[in-house]
Amino acid sequence: MPHTLPLNPPAFARLPEAFYSRVRTEPLGEPYWVAQNHVLAGEMGLRPSEIFDNPDNLLYLAGSAKQYDPAPIATVYSGHQFGVYVRQLGDGRAVLIGDSVGSDGLRWEWQLKGAGKTPYSRFADGRAVLRSSIREYLCSEAMHGLGIPTTRVLAITGSNDAVYREEAETSAVVTRIAPSFIRFGHFEYMYHTGQHHNLPVLADFLIDRHFPECREAENPYLAFFQTVSRRTAELVAAWQSVGFCHGVLNTDNMSALGLTIDYGPFGFLDAYDRRHVCNHSDTGGRYAYNEQPYVVHWNLSRFASCLLPLVSQDDLVAELERFPDIFQTAYLQKMRAKLGLQTQEKGDDELVADMFTALQSRKVDFTMFFRYLSEVGNVHGEPLPEKLLALFNGPTEAFTAWIGRYRGRLRAENSNPAERAERMNAVNPLYVLRNYLLEQAIQLAKSGDFREIDRLHRCMRNPFVERKEFADFAELPPQWAEGICVSCSS
């Protein structure tokens, strides 16, 4: 039986061959399903049974089909890694196998991650391990549940084939889905290798497929950069608002569509620490939580420099100078919502900053703080919820002072406590994909038990509504979770 996947040839392959290489996948031995995302399949206008019940589809998504027609492609890009320019990177273990169009007209690119070597693998094996594949699947879906733009994962296929990282692990292939996987690095490669004639080709490809409104502008390429800059500012504001740390914000890990892409050593804040680093390879803290907006701004400047053949330097610089205000506006909008505030006031930025100073002093759990804050009344001096005080291990002078200002702010806008609690709980998740939850699911999966993956996926699809079956996911992390160390190895 042939595969029944609704794939068209990748639109990216219409670009000149300077953008990609055709490749052969390397089959997995005896592949099996690890995870099937029936929800995403439905969103894409697909019938899950037609996708996941066909054994030939399993082989196709494991990189193990006898034939791929057309041949998959791996794209070439470069990038700044930890601030240092690397001339050629590219899809070292990811290949595009085709596009699909949903019943709603939305287009999706399908990419296999871990299906073997490509011309851009350098000295790597082109494989992905089960551990990192589970992390990417669950976090991309958790981010979607939080309403944050992201790539998605349709399926994971596994195999008992050995892959060697720090130790021997088993291999897996992730079927990644996105409107586009084009990164800042694709532009950097064409610019820095002197292929400036290909810059408008790539920009036009993106504009025509994803930013058609830019065609109406006096300079469509400037409008394109403005849109990418705005989307990127709003993306990092969303990250900061939920305590998400990306871990490796190199320019080659920055999406041109403003999506969260490349889930490596990520992490959600447990105990609040503005200097938290979730990647143990990041010894200098370049990608610490509080540095993310600044690094993303710097990455945009690298992207802007690649558009100099298309847009004047003055226009690019002017747009880059707008980024901090765009970010701050988006960030404060989200923080006001998290605090249940309905009006804008001068000094809101100080209210937010002082709140985090109070959290920093006692390393308060980021997620639970906002959920418990929803139960605080407006009345000055009214006792605070015991579980909120417990997060601080008792009241502190900084928090006591802050809560007084916060209550004053609520009274000034005649906030209704019950309505405010409902609003706050609609934007402040009860469940986030903490690293210890992932670690537990991964350890079970290594023994062949994939049920916790499915359970976490079901929970994280709607992280705002409390459900008894997921009560253990809403608990504070155990002490052993502090020892979890995540690296770029995957």
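**View 1. Asn253 in its loop.** Asn253 sits in the loop that joins strand 11 (244–245) to strand 12 (267–268), where helices (H or I, at least four residues) and strands (E, at least two) are DSSP runs numbered from the N terminus. The model is a predicted one, in which local features need pLDDT of at least 70, side-chain atom pairs count only at pLDDT 80 or more, and totals for chains, interfaces and linings use all residues. Residues are numbered from 1 along each chain as its sequence is written, and side-chain values use heavy atoms, with hydrogens and water left out. With a relative accessible area of 10%, Asn253 is buried (under 20% relative accessible area, with exposed over 50% and partly exposed in between, for a 1.4 Å probe and protein chains only).

View 2. Neighbours within four places in sequence aside, Asp262 is in contact (heavy atoms within 4.5 Å) with Arg176, Arg183, His246, Asp252 and Asn253.

**View 3. The annotated pair.** The "binding site" annotation of an unreviewed UniProt entry covers Asn253 and Asp262; UniProt positions are given in the numbering used here, feature names are shortened, and annotations may be inferred rather than shown by experiment.

**View 4. Helix 4.** Helix 4 (residues 130–145) has 16 residues and reaches 23 Å from its first C-alpha to its last, close to the 22 Å expected at 1.5 Å a residue, the expected span being 1.5 Å times one less than the number of residues.
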